[in-house]
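Morning, everyone. I'd like to walk you through one structure today. Please have it open on your screens.

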Amino acid sequence: MKRISFWVLLLTCAGIAAGLFLATTGNAEYGDIVLNSKSESMQKAGVNPVVFPHWFHRIRFKCKVCHEDIFIIKKGANDINMTKIMNGDFCGRCHNGLIAWEPLYCDRCHSYRPENDKPAPPPQP
Ligand code: HEC
Ligand code: HEC
Ligand code: HEC
C-alpha cells in the first residue's frame with residue numbers, strides 16, 4: 001500500500017512539473033517552431049525572429065508535401081533566407097500569391113515576441 005501511494009504521488013508531481021514546463025516554455029501555441037538562425041541579419045533589418053505555426057500547416061497539408069522535398073525534418077537544419085523565399089523556395093513554394101499570400105507582409109512570419117518567453121517559475125514545494 002505504502003509503495004503504491006508513493007508512486008501515485010511521484011507521478012502526480014511529474015505530471016504537474018510537465019504541465020508547468022509546457023505552459024511556460026511555449027511561445028504562443030504548442031507546435032510553433034521559432035526560426036532564428038539568421039538572428040543577426042533579422043535584427044539589422046528590424047524584423048523579429050520567425051514563428052512557423054507547424055500545427056496550422058500540418059492540418060492543411062500532408063507531411064510529405066513539405067518533408068523532405070521542401071524542409072529537412074529537423075529543427076534548424078534548413079538554411080532559409082529571404083532571397084530563396086522570394087525566388088519560390090522554402091516558404092515561398094506556397095507563399096507566392098497563388099497557394100498562400102505573398103511574402104510581403106513581414107510581420108505575419110516575423111512575429112516572435114521575446115516577452116512571450118517568461119522564465120519558468122521556481123519549483124513548487
Ligand atoms: C507546410 C510545411 C510543413 C508540413 C506540411 C509539415 N511540416 Fe514539419 N516542419 C516544417 C518546418 C518549416 C519545420 C522546421 C524546420 C527547421 O527548423 O528548419 C518542420 C519541422 C518538423 C520536425 C522537427 C521538429 C524538431 O523539433 O526538430 C518534425 C518532427 C516534423 N516537422 C514533423 C512533421 C510531421 C509528422 C508532419 C505531418 C503531420 C509535418 N511535419 C508537416 C514544415 C512542415
Ligand atoms: C505547402 C505550402 C506552404 C508552405 C511550404 C508554407 N506555408 Fe505558410 N501557409 C500556407 C497556407 C495555405 C496558409 C493559409 C493561407 C491563408 O489563410 O490565406 C499559410 C499560412 C501561414 C501563416 C498564417 C497562419 C495563421 O494563423 O493565419 C503563417 C504565419 C505562415 N503560413 C508562415 C509560413 C512560414 C514561416 C513558412 C516557411 C517556414 C511557411 N508558412 C511555409 C501554406 C504554406
Ligand atoms: C512567409 C514567411 C515570411 C515572410 C512573409 C517574410 N519572411 Fe523573412 N524570413 C522568413 C524565414 C523562414 C526566414 C529564415 C529565418 C531563420 O532561419 O533564421 C527569414 C529570414 C529573414 C531575414 C534574414 C535572412 C536574410 O535573408 O537576410 C531577413 C533580413 C528577413 N527575413 C526580412 C524580411 C522582411 C523585410 C520581410 C517583409 C518584406 C520578410 N522577411 C517577410 C520568413 C518570412
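I'll start with the ground rules, then the chain, then the ligands, then a few single residues.

This is a predicted model, so to speak of local features we need a pLDDT of at least 70, side-chain atom pairs count only at pLDDT 80 or more, and totals for chains, interfaces and linings use all residues. Residues are numbered from 1 along each chain as its sequence is written, while chains are lettered from A and ligands numbered from 1 in the order in which they are written.

First, confidence. pLDDT is the predictor's confidence in each residue, from 0 to 100. The chain averages 82. At least 70 is reached by 68% of the residues. Where is confidence lowest, and where is it highest? The lowest is helix α1, residues 2–25, with a mean of 49. The highest is α5, at 98. Over residues 15–28 the pLDDT is below 50. That stretch still has 15 contacts in the model beyond near neighbours in sequence. A contact means two C-beta atoms, placed from the backbone, within 7 Å. Where pLDDT is low, the predicted coordinates should not be read in detail.

Next, the fold. The chain has six helices and two strands. Along the sequence the pattern is α-β-α-β-α-α-α-α. These are DSSP runs, numbered from the N terminus: helices are H or I with at least four residues, strands are E with at least two. Take contacts between residues at least 6 apart in sequence: 44% join residues at least 24 apart.

Now the ligands. A residue is near a ligand if its C-beta atom, placed from the backbone, lies within 6 Å of it. For classes, Ala, Val, Leu, Ile, Met, Phe, Trp, Tyr, Cys and Pro count as nonpolar, Asp, Glu, Lys and Arg as charged, and the others, Gly among them, as polar.

Ligand 1 has 18 residues around it. His57, Cys63, Cys66, Lys75 and Asn78 come nearest. β1 (32–35), α3 and α4 each supply at least two residues of this shell. It divides into ten nonpolar, five polar and three charged residues.

Ligand 2 is surrounded by 20 residues. Among the closest are Phe52, Cys91 and Cys109. Which element gives the most to this shell? β2 does, with three residues. By class, the shell has 15 nonpolar, two polar and three charged residues.

Ligand 3 has 23 residues around it. The shell holds 14 nonpolar, seven polar and two charged residues.

Finally, some single residues. Look at Phe90, in the loop between α5 and α6. Its phi is positive, about 45 degrees, although Phe90 is not a glycine. Is Phe90 buried or exposed? Buried, because 20 other C-beta atoms lie within 10 Å. The cut-offs, with C-beta atoms placed from the backbone, are 20 or more for buried, 12 or fewer for exposed, and partly exposed in between. Of the 125 residues of the chain, 8% count as buried.

Asn48 sits in the loop between α2 and β2. With 18 other C-beta atoms within 10 Å, Asn48 is partly exposed. His110 is 62 residues away along the chain, yet the two C-alpha atoms are separated by 4.9 Å.

Last one. The peptide bond from His67 to Glu68 is cis, with omega near 0 degrees. Glu68 lies in the loop between α4 and α5.
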